[in-house]
Amino acid sequence: MDFPEQDVDIFGEFEGQDNHGDGARQSSSSSSSSSSSSRSSSNGSDGGETSSGGSASASGSASGSSSEGEDNAEEVEKKVHGYEERDLFGSDSDEKDLFGSDNEDYCKTLATSPFPVPVLPVIRNTNNQNRGNFGRGRWQNDRGAGILPRPGPYPQRHNYGYGSKFNNRHDERFVSELKLTKSEETLSRKCIAFQEPCELACYSRVEGGDVHFDDRSLRLFKRLITEDVGADLNEGYDTFIEKKDLGSEGFGDLLAAIRNRNIPLGNIHFVTFRNNLNKILATAYIRNEPWEMGVHKRNGVVYLDVHKLPERPKSDLDRRRCYWGYCFESLATEDPRRANGEGIHHVDANAEYCSVIKTKLGAHRILMGAEMDCCDSTDDGRRFYVELKTSRELDYHTEERYEREKLLKFWIQSFLAGVPYIVIGFRDDGGRLVRTERLRTKDITQRVKMKNYWQGGVCLAFADEVLCWLYGTVKENEDYILQFAPPFNRLELLQAQSCPDAISNHVQQL
């Protein structure tokens, strides 16, 4: 196939001009230089364009001094090869440059602006209080306190971990702290042995508050609890007697039961209620619930006293929900005073049965008191305890939180006291019993392990570290307060003013 001598490239330009001799290229270059010189002089450009303009002018003057015959020859040659003289951008020589008509004004623009440079506001990081001046409550760029002034350099916010109540580094009572820095993975590598709990004694508190060192208040589990599904847990609420806060007096009853059975304390490290151990073990995962307890070391034994934090006043719905739990306990236990089919009435939350249990967590020997809801027996007559719980019926939105938090607390409470079974009564928002479920304590950890919610071994490893730090820090015949408070990143040990009379009297009677 034959191709013409003049081919067109992809940009639409003829390539014939590139194949001509030097004379044509010189002529085109000379003409372009002349046009550039004329534009440069007409536009009055300066600066970087002066040298090129000067050389172009020289080239243009040289071309202008050539003969008229050579000019005619160049014009003929241009017409023969079919192109007109144009500049680099394809515009005619008399057109303006690339910037248009306002190029002259553009070149006169000053390098420095008369307007002030804008200052952007500083980004505040409210999640880390230890990175320079980006902590919460600090003022940036001397901008002042803002619309709402705050007293002092730090904001005194209630229940947010600031102020004298929680900033105990400046508290005269501050003794020591245990920072919660170890990860779940690190704690899971530790294998902490836990000895099977052994019951050594018990005592009962009856209606009216009297204490007896026997099991008269222990109730028997009703195996046919499923027949009560649909029962109204509000029944008997009008005669409900709420539980009184006994304070250290309740701890004194536990110590009296220990003395009554002459249980030796020579090799015991901790004496406590199970409730205090529940708090410590649960803190391995639940880091938003404050608590505190009294710590008193006498004769090598550390006594952990229960402290109840102040709470907001309970509404009628709060008291009613609390009653639903006690009502379910009455439904799920045998009551010889209640005839078949008779409704629930006269529920007294102060009547209780408490077991005194000895166990060992890691290297720590523990003697604790644990309230038991009811008991059952095997076919061979061996007695075991059953824990009774109530919970709102689960749905898609509440099931995960139930397994992450409630099942964790259920497992800790039952595991520490060696309770093998938990019976849960699920109710609706109106307080009607919807269904019941029986759980084996040892099956709960397998249930949540598949979902990687929590591990029982991590709770034990965490408690072992806390007890090691606590026993090694407290001194003989001194009193402390162990607290977990906002911002929930450490356990704090504070100096206490006195020891409860129940502990002092107990030590004197040993």
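**Entry 1: a proline in a loop**

I started at Pro487, which sits in the loop between β14 (479–484) and β15 (490–495). I am working with a predicted model, so I keep that in mind throughout. I looked up the peptide bond from Pro486 to Pro487 and found it cis, with omega near 5 degrees.

Phe488 belongs to the loop between β14 and β15 as well. Is Phe488 buried or exposed? Its relative accessible area is 18%, and buried means under 20%, so Phe488 counts as buried.

**Entry 2: another loop, another positive phi**

Next I went to Asn299, in the loop between β6 (291–298) and β7 (301–306). Asn299 is not a glycine, yet its phi is positive, at about 55 degrees. I checked its cover too: exposed means over 50%, and Asn299 has 58% relative accessibility, so it counts as exposed.

**Entry 3: Asp210**

I then turned to the loop between β2 (198–205) and β3 (211–212), where Asp210 lies. Its relative accessible area is 48%; that falls between the 20% and 50% cut-offs, so I wrote down "partly exposed". Which residues does Asp210 touch, leaving out those up to four places away in sequence? I noted Ser204 and Arg205. I also looked up Ala351: Asp210 and Ala351 are 141 residues apart in sequence, but their C-alpha atoms are 9.2 Å apart in space.

**Entry 4: the whole chain**

Time to step back. I counted 12 helices and 15 strands in the protein chain. Of its 510 residues, 38% are buried. The chain exposes about 30600 Å², and carbon and sulfur atoms supply 49% of that area. I also looked at contacts with a separation of 6 or more: residues 24 or more positions apart account for 69% of them.

**Entry 5: strand β9 and its partners**

I followed β9 (residues 364–372) and found it mostly covered, with 7 of its 9 residues buried. Which way does β8 (residues 352–361) run against β9? The two pair in the antiparallel sense, over 9 bridges. One of the pairs I wrote down is Thr359 with its bridge partner Ile366 in β9. β8 and β9 form a hairpin with 2 residues between them, and Gly362 in the turn has a positive phi of about 65 degrees.

β9 also pairs with β5 (residues 270–273): these strands run parallel and are joined by 4 bridges. Here I saw Phe273 opposite Gly369 in β9.

**Entry 6: an open sheet and the helices across it**

I traced an open sheet of 5 strands in the order β4-β10-β11-β12-β13, with mixed pairing. Which strands are at the edges? They are β4 (219–220) and β13 (433–440), each pairing on one side only. β4 runs parallel to β10 (residues 374–377), joined to it by 2 bridges, and Leu220 stands opposite Cys375 in β10.

Helix α8 (residues 316–331) lies across β4, β11 (383–392), β12 (421–427) and β13, and runs at about 140 degrees to β11. Helix α10 (residues 441–449) lies across β12 and β13, at about 95 degrees to β13.

**Entry 7: checking a helix**

Buried residues in α6 include Phe251, Leu254, Leu255 and Ile258. Just after α6, Asn262 takes a positive phi of about 55 degrees.

I kept a general point in mind: in soluble globular proteins, nonpolar side chains tend to be buried together. The largest nonpolar core here has 62 residues, and Leu470, Leu482 and Leu491 touch the most other members. Helix α11 (residues 456–473) gives the most to this core, with 10 residues. A second, separate core has 20 residues, among them Phe240, Trp324, Leu331 and Val423.

Last, I listed what Leu491 touches, skipping residues up to four places away in sequence: the contacts include Leu178, Leu180, Trp291, Val466, Trp469, Leu482 and Phe484.

Terms used. Residues are numbered from 1 along each chain as its sequence is written. This is a predicted model: local features need pLDDT of at least 70, side-chain atom pairs count only at pLDDT 80 or more; totals for chains, interfaces and linings use all residues. Side-chain values use heavy atoms; hydrogens and water are left out. Buried means under 20% relative accessible area, exposed over 50%, partly exposed in between (1.4 Å probe, protein chains only). Two strands pair if DSSP finds at least two bridges between them. Contact means heavy atoms within 4.5 Å. Accessible areas come from the Shrake-Rupley method with a 1.4 Å probe; for residues, only the protein chains shown count as cover. Axes are lines fitted to C-alpha atoms, for helices over the stretch in contact, and angles run from 0 to 180 degrees between N-to-C directions. A nonpolar core is a set of buried Ala, Val, Leu, Ile, Met, Phe, Trp, Tyr and Cys residues joined through side-chain atoms within 4.5 Å.
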